[in-house]
Amino acid sequence: MSAANQAPAIELIGIDKKFGAVHANKNINLTVAKGSIHGIIGENGAGKSTLMSILYGFYQADQGSIQIDGKPITIKDSQAAIHSGIGMVHQHFMLVENFSVLENLMLGAEGGVLLGKGTDAARASLKKLEEDYELEVDPDAIVEELPVGLQQRVEILKALYRGAEILILDEPTGVLTPAEADHLFKILGVLRDQGKTVILITHKLREIMAITDTVSVMRRGEMVATRKTAETTVEELAELMVGRRVLLHVEKKPANAGEIFLSVRNLTVKDSRGVVMVDNVSFDVRSPARSSGLRAWLATARASFSKRSPGSASRLQVKSGSTVRTWPVSTRLSCVASASRIFPKIATTWVSCCPSRRARTRSSAITATSATGRAGFSTPT
C-alpha cells in the first residue's frame, strides 16, 4: 500500500473533555500520518497534554472516538494503550531511580516466573533496540546516576521494548540542555526513518520547525489549524497560538543607564542556623537618567539614629541639605513604610533600623535586609 493510501496511524474524531467548569478539549479532530513526526503546539493550558492523556488512556473522553491504523478502538487505560502500540514519554519521568536501566526496562514486563531467563531476553532485546535506534545506554547503570538526557533515553527504550509503534513525547526538552535536545531530535529522526510515528507536544517553535513534518495548533481547548511544517512560518504559528499578531522582534533603544545610587558588595546572608542563604553577591542599582533630583538627594542623604533617653522610642532621622525627615521606629523592627518614602525607586528593598540597645545616641548605616538576614550597603557620596 502506498503512503498516500495508508490509513492514518491515529485519528481522533470529535474528542470532548471537561473537568468541572473547565472545558479542556472542545470537539477536537486530529489525523496523524503513519511514519511521521507530528507536532502539537499551543500555550500552556491549551489542552495539548489532556488530549494526549486521552489517547494514552489516562483520561476518558466525554465524547468522541479514536481510530488506530484505521480501526476504531477503545482505550480504557494505559495498559490498553500499550497493547495497541502506543507509548508515552512524560515530562516527568516514570522511572525507579534506584533500579538499573535493565530493571526499569523489565518492570511490569518481566517475562514469566523465571527471572533469569527473562533478564537474558530483556538484555538481548535492549541491545537490539540500541543498535536499531541509536539509543546506546549502559543496561547496568543505576538510573539516578545518569544525566537527564540518558534518563529520557531509557523512557524511550521502555516504550519501544513494549512494542510501541506510536510514541508520544510530552514537552520532552523541558529538562534538556540545547545540546541534549539536538541529540533527541536526531533520535526522533531515526525512529521516523524506521517507520515509527512520533507525536511531539511542545510550545517551543524552534523545536517544531527543526524536526516535525506536520504541526497542529491548539488554543483554549480547540484545534485551530494544521499545517505542513515546510509550508508555514514561525510568525504564522505564533499568531495561531495566541489568536493575534505577535511581534517576535522588539525594537529597543540603546540602554541609557544612570549613575549608581545603590552599591552592594560581597553580600553574605546567613539564617538563624548559620546556613548561608546568599553567598558573596555584589550588584549595583542605577537610577534612570531623568531622576537627577533623586540621585542628588540620595548622594547627600545621611541616616542616623538617636535614643534620647533610656526606654524611649528610637527615631530614624534623614538629613539632605537643609531638609530633615524623622520617623519614629521600634528598635530592631523593619520600617518598610519609611523605606518606601526614602527610596521611592526601590520600594521593594527592605530597610531595617538597628540602633544599639546600650547607647543613648548611635549612628548606624542603613541595612539591607533579606527575609533571613542583613547586610550593609551604602549610597555613593
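This is a predicted model: local features need pLDDT of at least 70, side-chain atom pairs count only at pLDDT 80 or more; totals for chains, interfaces and linings use all residues.

User: How many helices and strands does the protein have?
Analyst: There are 10 helices and 19 strands. Helices (H or I, at least four residues) and strands (E, at least two) are DSSP runs, numbered from the N terminus.

User: And what share of the residues counts as buried?
Analyst: Of the 381 residues, 42% do. Buried means under 20% relative accessible area, exposed is over 50%, and partly exposed is in between (1.4 Å probe, protein chains only).

User: Is helix 1 enclosed or exposed?
Analyst: Helix 1 (residues 48-55) has 7 of its 8 residues buried, so it is largely enclosed by the rest of the structure. Among the buried ones are Lys 48, Thr 50 and Leu 51. After helix 1 comes Gly 57, with a positive phi near 90 degrees.

User: Which residues does Asn 25 touch?
Analyst: Not counting residues up to four places away in sequence, its contacts (heavy atoms within 4.5 Å) include Thr 50, Leu 51, Ile 54 and Met 218. Asn 25 sits in strand 2 (residues 22-32) and counts as buried, at 0% relative accessibility. Its side chain also reaches the backbone oxygen of Gly 47 at 3.2 Å.

User: Switching topic: how do helix 5 and helix 6 cross?
Analyst: The axes of helix 5 (residues 148-161) and helix 6 (residues 178-193) come within 10 Å and cross at roughly 20 degrees. Axes here are lines fitted to C-alpha atoms, for helices over the stretch in contact, with angles running from 0 to 180 degrees between N-to-C directions. Helix 5 and helix 6 are therefore roughly parallel to each other, a label for angles under 35 degrees.

User: Which residues meet there?
Analyst: From helix 5, Gly 149, Gln 152, Arg 153, Ile 156 and Leu 160 meet Glu 180, His 183, Leu 184, Ile 187 and Leu 191 in helix 6.

User: Why might residues a few places apart point the same way?
Analyst: An α-helix has 3.6 residues a turn, so residues three or four places apart point the same way.

User: Okay, where is Thr 229?
Analyst: Thr 229 is in the loop between strand 10 (222-228) and helix 8 (234-242). At 6% relative accessibility, Thr 229 counts as buried. The side chains of Thr 229 and Thr 212 make a polar contact at 2.8 Å. That term means a pair of N or O atoms within 3.5 Å; within protein, one must be able to donate a hydrogen and the other to accept it, and residues adjacent in sequence count only if both atoms are side-chain atoms. The backbone nitrogen of Thr 214 is 3.4 Å from a polar atom of the Thr 229 side chain.

User: Last one: is Asp 284 buried or partly exposed?
Analyst: Asp 284 is partly exposed, with a relative accessible area of 32%, and lies in strand 12 (residues 276-288). Its side chain has polar contacts with the side chains of Ser 263 at 3.0 Å and Arg 265 at 2.9 Å. Asp 284 and Val 264 are 20 residues apart in sequence and 6.2 Å apart in space, C-alpha to C-alpha.

Notes:
Residues are numbered from 1 along each chain as its sequence is written. Side-chain values use heavy atoms; hydrogens and water are left out. Angles under 35 degrees count as roughly parallel, over 145 as roughly antiparallel, 65 to 115 as roughly perpendicular and the rest as oblique.
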